[in-house]
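Welcome to a guided look at this protein model. Please have a look at the sequence and the fold, and then read on for a short tour.

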Amino acid sequence: MACAEYSFHVPSLEELAGVLQKGLKDNFADVQVSVVDCPDLTKEPFTFPVKGICGKTRIAEVGGVPYLLPLVKKEKVYDINKIAKEIKLPGAFILGAGAGPFQTLGFNCEVIEVKAKRRTGKLNFVTCMRQTLEKHYGDKPVGMGGTFIIQKGKAKTHIMPAEFSSCPLNSDEEVNKWLRFYEMKAPLVCLPVFVSRDPGFDLRLEHTHCFSHHGEGGHYHYDTTPDTVEYLGYFLPAEFLYRIDQPKETHLFGRD
């Protein structure tokens, strides 16, 4: 598989905390961003196989929406073990939308803790952070990953149908008619990846999946209860981007 490596701009955690604090205040009534020791993520509600988010941080963008739409390319199946080797971290812990955990690291580190309550703007939690970074850092792309909990409220999510579409899907409208949308209740544990600006690799700039311990989960879009919603998240900037098996033919729909 073709694999390209790109070095992100990596600000200090203290600088990022200040930037996010300022940007989130435009979209949420109550915001607190600080640098803290990562909590033990093996405990509920996270129940991850590792205690902390740490180490050599990378974002791996594997394949892309053009391998799903207009028609699925079923031959595009990826081995997480091989992906870990491609990003020069064999045995890595991998989390995020479309990827699962791999191996326990077993130690903590400092992360950025983000608390946000009562959404007052139109942007969802992830989009607000991503656009804040884009506005501040401009043509210096910053990549972020981690986890957050929707502690209170509800969120709009989707899941794909059990069968892939047999008819080509050529627009967001057609994609949305095929997907199954739901309103899901907190607590929801979410796994976001976002990049402030695409440095030329046809990236999906933000992508978040969520799960719960009450049987609900899917692709996160936004909260539907702005007056009561509460978010708690832990994030780290990525050092590198690895673009693996980038589609040669692309489009821009189906990326919400």
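Nine strands make up an open sheet with antiparallel pairing, in the order S2-S4-S11-S5-S8-S9-S10-S6-S7. Its edges are strand S2 (28-37) and strand S7 (180-185), each of which pairs on one side only. From one strand to the next, the twist averages 30°. Helices (H or I, at least four residues) and strands (E, at least two) are DSSP runs, numbered from the N terminus, and two strands pair if DSSP finds at least two bridges between them.

This is a predicted model, in which local features need pLDDT of at least 70, side-chain atom pairs count only at pLDDT 80 or more, and totals for chains, interfaces and linings use all residues. Residues are numbered from 1 along each chain as its sequence is written, and side-chain values use heavy atoms, with hydrogens and water left out.

| Strand pair | Bridges | Sense |
|---|---|---|
| S5 (residues 143-152) and S11 (residues 230-237) | eight bridges | antiparallel |
| S1 (residues 3-7) and S12 | five bridges | antiparallel |
| S3 (residues 58-62) and S12 | five bridges | parallel |

Strand S12 (residues 240-244) has four of its five residues buried, so it is largely enclosed by the rest of the structure. Here buried means under 20% relative accessible area, exposed over 50%, and partly exposed in between (1.4 Å probe, protein chains only).

Contact means heavy atoms within 4.5 Å; axes are lines fitted to C-alpha atoms, for helices over the stretch in contact, and angles run from 0 to 180 degrees between N-to-C directions.

Helix H3 (residues 125-137) lies across several strands, among them strand S8 (188-195), to which it runs at about 25°. How far apart are the end C-alpha atoms of H3? They are 19 Å apart, which agrees with the 18 Å that its 13 residues should span at 1.5 Å a residue; the expected span is 1.5 Å times one less than the number of residues. Buried residues of H3 include Phe125, Met129 and Leu133. After H3 comes Gly138, whose phi is positive, near 55°.

Is Thr157 buried or exposed? Thr157, found in strand S6 (residues 154-159), is buried, with a relative accessible area of 0%. The residues that Thr157 touches include Arg180, Tyr182, Cys210 and His219. Glu44, in the loop between S2 and S3, counts as exposed at 67% relative accessibility. The C-alpha atoms of Glu44 and Val189 are separated by 9.8 Å, although these residues are 145 residues apart along the chain.

Finally, a word on confidence. The mean pLDDT (the predictor's confidence in each residue, from 0 to 100) of the protein chain is 92, and 95% of its residues reach 70 or more. Over residues 99-108, however, pLDDT stays under 50. Where pLDDT is low, the predicted coordinates should not be read in detail.

Note on methods: Lists of a residue's contacts leave out its neighbours within four places in sequence.
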